[in-house]
2 protein chains.
Amino acid sequence: MGRTATYDRDAVLKAAMELFWARGYHTTSLKDLERALDMRPGSIYAAFGSKEALFRAALDRYATAGRSALEDTMAQASSPIAGLAAHVRMLGGIVRAAAPSRACMLVKTLLETPEDEPELRRSVEDMMRQTETAFAEAFRAARDAGEIASDADPERLAARLQAAIFGLRAYAQRSDAADKVERIAEDIARDVEALRN
Amino acid sequence: MGRTATYDRDAVLKAAMELFWARGYHTTSLKDLERALDMRPGSIYAAFGSKEALFRAALDRYATAGRSALEDTMAQASSPIAGLAAHVRMLGGIVRAAAPSRACMLVKTLLETPEDEPELRRSVEDMMRQTETAFAEAFRAARDAGEIASDADPERLAARLQAAIFGLRAYAQRSDAADKVERIAEDIARDVEALRN
DNA sequence: CTTTTTCTTGAGTGATCGTTCAAAAACGGA
DNA sequence: TCCGTTTTTGAACGATCACTCAAGAAAAAG
């Protein structure tokens with residue numbers, strides 16, 4: 001059956017994701033990837049096809065992990081609003097965590113992707129929309145359960161929350177933001193909770 | 001006195017700013033700049049020294065223009081809070097305006113600058129701090145004038161507002177965000193106004 | 001007009017980019 | 001052990017990167 005691969009595909013994808021998340025797409029060279037993945041160019045191309053395809057796979061892994069983290073938080077929470085608030089507070093902890101970057105990889109990609117890369121652009125926006133839709137569903141559930149006002153607009157609240165999170169995490173990228181980020185996250189979380197009847 | 005330069009330095013800087021703002025630092029090549037500035041590499045290097053130096057000059061121009069726009073808005077407003085709210089609403093109009101990008105150039109730069117470019121990073125963060133300080137001064141003036149609560153924390157409010165604006169403009173970079181951005185801006189503006197006594 | 005000074009031009013530099021591919025290495029099956 | 005298959009390796013490729021500099025062009029000074 002031929003030689004068996006020596007690498008763990010998911011571990012490699014994770015390493016690629018962490019490197020791309022930290023450095024962005026254009027500032028990450030194949031040399032950087034060879035080092036981080038401990039693979040030679042031929043193997044990388046046999047496994048993933050191209051730098052851009054690898055990036056997309058890494059980005060997809062990032063978005064999927066983020067969504068499942070949100071799902072877990074929501075499942076553990078006592079109510080939709082409590083879940084969303086807990087999610088925001090968790091994000092406020094990024095300044096203490098040792099993550100590759102404090103900014104969101106989707107936002108970083110959106111901002112560094114000019115309009116001449118339409119496929120990548122569309123992928124990123126799709127992934128953002130999926131998370132925003134999850135927010136909207138939570139707000140809708142909260143409304144239907146009577147937790148928030150019956151005339152609340154789930155889509156509008158979801159867009160606002162996503163924009164607030166984008167800002168929180170972009171702000172967190174500043175090296176002098178450590179103490180302020182948790183306060184901002186707390187403020188956003190309380191705004192969400194303030195929607196309650 | 002020798003040959004006189006054929007270009008207008010400020011017009012060139014403006015064109016460079018617009019190109020860098022739209023495409024980011026790493027995705028803008030010298031070929032792109034030659035086209036946008038209508039200058040050959042020798043002239044560009046004689047005038048600005050390096051691609052990075054030109055970028056920094058363009059970034060500085062961007063930040064200065066943004067600050068003076070804020071000052072103008074504040075000067076025209078009937079009160080500090082009214083000025084800040086007007087500023088946010090003006091930013092909500094970026095989706096209709098024909099700007100090089102809807103995202104903030106400072107945020108784009110912060111997110112695409114890895115930690116191995118410390119000087120550029122520090123410049124960007126300094127410029128962000130200047131704007132945040134302007135926000136804080138407005139909130140302090142509002143507090144001292146009795147427009148908002150006497151126990152309000154100007155620095156905290158300023159950090160929160162800046163994060164909200166970062167998020168608004170990052171969100172606005174999405175191609176499907178047109179109708180939502182103005183609503184989000186309106187929400188942020190009303191939050192600012194809601195601080196009033 | 002001639003000289004002097006400054007600016008502009010654009011071909012060319014070495015380095016690095018993403019990518020390819022022939023050869024070598026490592027496995028399973030017979 | 002030998003074969004067939006698959007993976008890994010790393011040198012090499014053309015393209016492009018930021019950047020340089022000798023030569024030409026244009027202005028001011030004499």
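1. The model is predicted. Chain A contains 9 helices and 0 strands. Its order along the sequence reads α-α-α-α-α-α-α-α-α.

2. The C-alpha trace of chain A spans about 60 × 40 × 35 Å along its principal axes. Chain A has 197 residues, and 43% of them count as buried. Take the contacts in chain A between residues at least 6 apart in sequence: 66% join residues at least 24 apart.

3. Helices α7 (residues 118-144) and α8 (residues 154-172) of chain A pack together at an angle of about 130°. Their axes are 8 Å apart. The crossing of α7(A) and α8(A) is right-handed.

4. On the α7(A) side, the contact uses A:Thr131, A:Glu132, A:Phe135, A:Ala136, A:Phe139, A:Arg140 and A:Arg143. On the α8(A) side, the residues are A:Pro154, A:Glu155, A:Leu157, A:Ala158, A:Ala159, A:Leu161 and A:Gln162. By class, the contact of α7(A) with α8(A) holds 8 nonpolar, 2 polar and 4 charged residues.

5. DNA strand C is surrounded by 26 residues. The closest are A:Arg3, A:Gly42, B:Gly2, B:Arg3 and B:Gly42. Elements giving two or more residues to this surface are α2 (30-37), α3 (41-48) and α4 (51-76) of chain A, plus α3 (41-48) of chain B.

6. Which element gives the most to the surface near DNA strand C? That is α3(B), with 4 residues. The surface near DNA strand C divides into 10 nonpolar, 10 polar and 6 charged residues.

Methods
Residues numbered from 1 in each chain as written. Chains lettered and ligands numbered in written order. Predicted model: local features only at pLDDT ≥ 70, side-chain atom pairs only at ≥ 80, totals over all residues. Near = placed C-beta within 6 Å. Nonpolar A, V, L, I, M, F, W, Y, C, P; charged D, E, K, R; others polar. Axes fitted to C-alpha atoms, helices over the stretch in contact; angles between N-to-C directions. Left-handed = near helix turned anticlockwise from the far one by under 90°. Contact = placed C-beta atoms within 7 Å. Buried ≥ 20, exposed ≤ 12 C-beta atoms within 10 Å, placed from the backbone.
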